[in-house]
Amino acid sequence: LGCMQWSPDGKNVFILSNDGVLRKIAYPSLQQELVLETGGKAGWMQLCKFGVLVGIESLGQIWLIDGNTLEVKRRFAAPGVGPFGFTSSLKSTAVYVSDDHAQKLIMINIETGTPIKEFSARALQDEFGETIKKHPDSVALTDLAFPTMSPDGQYIFCEGFECLHRFKVSGENLIYEEMGPRIGSNVQSIFVDPESRYVAMPSGG
């Protein structure tokens with residue numbers, strides 16, 4: 001099992017297995033309604049404004065899939081499509097993809113599959129260095145790992161040097177707002193609650 005996502009109406013669960021099979025399961029009957037075999041190794045899945053985004057790691061692609069029919073609407077090239085390698089939300093028209101080394105985020109237009117802008121960890125820290133709200137125990141922005149957009153589409157959170165970092169989404173720009181303390185050890189993921197009020201960075205293991 002790779003990952004699971006609830007449909008916005010709570011009537012279905014999308015399940016993506018590591019072998020690239022996407023299933024649409026009805027709730028509460030738990031009956032399989034539809035299945036799509038991508039034929040590749042899957043990395044990650046996110047719901048977005050236009051459907052379901054599935055990362056096909058073995059092809060280096062993200063597929064946009066219709067959430068009602070599971071038909072493939074678009075395929076576009078993207079790096080970093082492994083687990084937690086990209087993020088979007090039901091409020092966003094873009095997907096933010098981490099590169100293979102988690103040093104950059106690439107903003108891609110979902111409707112066209114066209115890259116819009118790149119953000120590097122170093123450039124963001126240099127641009128906003130004087131205005132970033134920094135915890136006394138913070139370190140530095142070394143990576144843009146585990147990019148996670150809040151459900152309301154207003155923020156993106158990343159991990160770097162075991163710290164949690166927050167960026168405000170402003171049109172085609174990211175504003176580096178806050179650097180948290182060094183609390184992560186062997187970080188596994190980042191999650192934001194459905195109402196975009198709380199963020200967690202599971203670590204250890």
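Against which strands do the buried residues of α1 pack? In this predicted model, local features need pLDDT of at least 70 and side-chain atom pairs count only at pLDDT 80 or more, whereas totals for chains, interfaces and linings use all residues. Residues are numbered from 1 along each chain as its sequence is written, and side-chain values use heavy atoms, with hydrogens and water left out.

The buried residues of α1 pack against β12 (115-120), β16 (163-170) and β17 (173-182), a contact being heavy atoms within 4.5 Å. Helices (H or I, at least four residues) and strands (E, at least two) are DSSP runs, numbered from the N terminus. Helix α1 spans residues 121-128, and A121, L124 and F128 are buried in it. Seen down the axis of α1, its buried residues fall within an arc of 70 degrees, so they line one face of the helix; the arc is that of the directions from the helix axis to the C-beta atoms. Turned away from this buried side is the face that carries the exposed residues R122, D126 and E127. Here buried means under 20% relative accessible area and exposed over 50%, with partly exposed in between (1.4 Å probe, protein chains only).

Strand β3 (residues 21-26) has a neighbour on either hand in two hairpins. Five of the six residues of β3 are buried. With β2 (residues 12-16), β3 pairs in the antiparallel sense over five bridges, where pairing requires that DSSP finds at least two bridges between two strands. V13 has I25 as its bridge partner in β3. Four residues separate β2 from β3 in their hairpin, and G20 in the turn has a positive phi of about 85 degrees. The pairing of β3 with β4 (residues 32-37) is also antiparallel, over five bridges, and K24 has L34 as its bridge partner in β4. In this second hairpin, with five residues between the strands, L30 takes a positive phi near 60 degrees.

S88 sits in the loop between β9 (86-87) and β10 (94-98). This serine is buried, with a relative accessible area of 4%. A polar atom of the S88 side chain lies 2.8 Å from the backbone oxygen of A94. Not counting residues up to four places away in sequence, S88 touches Q46, L47, C48, L53, A94, V95, I110 and M149.

Definitions and conventions. A polar contact is a pair of N or O atoms within 3.5 Å; within protein, one must be able to donate a hydrogen and the other to accept it, and residues adjacent in sequence count only if both atoms are side-chain atoms.
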